Amino acid sequence: MIEPTLRAARGGGGAEVAQRIIPRVYRGYFEYLYARKQDPWNYETRSYEIAKYERTLEALEGRRFARALEVGCSIGVFTELLATRCEELVAVDTSALAVRRARRRLAGHPHVRVRRSTLPEEMPGGRFDLVVCSEVLYYWNRELLQEALGALEEVLTPGGVLLAVHGRFDSHTCPLTGDEVHDLLHGRDTLRSAFSVREHKYRLDRFERPLRPPGHTARPAVPRQRTGRESTHPDAGSRTRGNSPA
């Protein structure tokens with residue numbers, strides 16, 4: 001069944017009407033698209049998508065990750081590339097058809113688990129040092145996106161990376177545009193912008209979760225009481241009794 005977002009758009013008002021009616025583009029819409037076509041957005045063959053995937057991986061600057069989460073993995077085209085950067089990768093999608101195809105593609109990667117989940121309600125357990133959101137966050141309206149980002153930040157380890165990439169296009173289906181998604185991300189004080197690209201067709205941002213919460217002030221160090229057994233010579237350093245090796 002075609003979702004209410006499409007019917008609302010055809011009736012006039014586009015994304016603004018869709019955003020007022022429902023908080024997200026629902027699962028049935030995606031099942032409808034995947035039932036009609038193996039690769040609805042031509043992720044496997046479209047040169048634009050292939051180049052965007054390469055640029056997205058470059059934004060990680062060669063870093064490897066212990067445990068990553070990919071939100072909205074679709075049929076697993078980018079998942080397969082991302083798997084080379086992770087010791088463990090959890091990839092989720094709301095569509096059962098997409099998950100089935102992604103599992104077939106990734107069958108030879110035992111460190112990758114593909115799950116059918118609807119976020120933010122069905123967030124995978126555990127913590128991740130990388131969260132990737134590619135062409136997915138604009139399917140939520142502003143209120144639900146804020147809730148989802150809060151949930152994603154909860155599972156992101158301190159110092160972990162949130163990587164987001166979204167196309168810059170007008171849509172009668174999506175409640176938000178890619179620009180609105182990335183502007184909202186930049187407005188969150190719980191994430192620190194580390195890398196940002198604004199191309200004509202898409203935006204790509206890498207954020208990091210601070211090691212300390214915003215506004216956190218470290219306690220001042222308490223001066224250590226000297227004893228008569230300690231040297232006061234400025235070069236004494238590690239030779240002073242009681243010092244631990246760094």
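Biologist: What does pLDDT express, and over which residues near the end of the numbering 223–246 does it stay under 50?

Modeller: pLDDT is the predictor's confidence in each residue, from 0 to 100. The structure is a predicted model, and its chain averages a pLDDT of 85, with 78% of the residues scoring at least 70. A stretch for which the model has 12 contacts beyond four places in sequence stays under 50, namely residues 223–246.

Biologist: For how many contacts beyond four places in sequence does the model account over residues 1–12?

Modeller: Over residues 1–12 pLDDT also stays under 50. Where pLDDT is low, the predicted coordinates should not be read in detail. With that caution, the number of contacts beyond four places in sequence for residues 1–12 is 22.

Biologist: Which geometry does the aromatic pair of Tyr29 and Phe30 have?

Modeller: By the pairing rule there are 9 aromatic pairs. For Tyr29 and Phe30, the centres are 5.3 Å apart and the planes stand at 70°. Planes over 60 degrees apart count as edge-to-face, so the pair of Tyr29 and Phe30 is edge-to-face.

Biologist: Which residues do ring pairs link into a cluster with Tyr29?

Modeller: Tyr29 and Phe30 are both buried, and they form an aromatic pair. Ring pairs join Tyr29 into a cluster with Phe30, Tyr138, Tyr139 and Phe169.

Biologist: Which residues are linked with Glu49 in a network of salt bridges?

Modeller: Glu49 forms a salt bridge with Lys52, with the closest N and O atoms 3.1 Å apart. Both residues lie in helix 4 (residues 47–58), 3 residues apart, about one turn of the helix, and both are buried. The network linked with Glu49 consists of Arg46, Lys52 and Glu135.

Biologist: How many residues apart in sequence are the parts that Arg55 and Glu199 tie together?

Modeller: The closest N and O atoms of the salt bridge between Arg55 and Glu199 are 2.8 Å apart. Arg55 is partly exposed at 27% relative accessibility, and Glu199 is partly exposed with a relative accessible area of 29%. Arg55 lies in helix 4 and Glu199 in the loop between strand 6 (192–198) and strand 7 (202–208), so the separation in sequence is 144 residues.

Biologist: Where does Glu88, the partner of Arg113 in a salt bridge, lie?

Modeller: The closest N and O atoms of Arg113 and Glu88 are 3.6 Å apart. Arg113 lies in strand 3 (residues 112–116), so the pair ties together parts 25 residues apart in sequence. Glu88 itself lies in the loop between helix 5 (77–82) and strand 2 (89–93).

Biologist: With which side chain does the side chain of Asp205 make a polar contact?

Modeller: Asp205, in strand 7, is buried yet has no salt bridge. The nearest side chain of opposite charge, Arg203, is 4.4 Å away, and a salt bridge requires the atoms to be within 4 Å. At 2.6 Å, the side chain in polar contact with that of Asp205 belongs to Ser196.

Technical notes. Residues numbered from 1 in each chain as written. Predicted model: local features only at pLDDT ≥ 70, side-chain atom pairs only at ≥ 80, totals over all residues. Heavy atoms only, no water. Phe/Tyr/Trp six-rings, centres within 6.5 Å; stacked < 30°, edge-to-face > 60°. Buried < 20%, exposed > 50% of the residue type's maximum accessible area, 1.4 Å probe, protein only. Contact = heavy atoms within 4.5 Å. Helix = DSSP H or I, 4+ residues; strand = E, 2+ residues; numbered from the N terminus. Lys, Arg positive; Asp, Glu negative; His and termini not counted. Polar contact = N/O pair within 3.5 Å; in protein donor to acceptor, adjacent residues only side chain to side chain.
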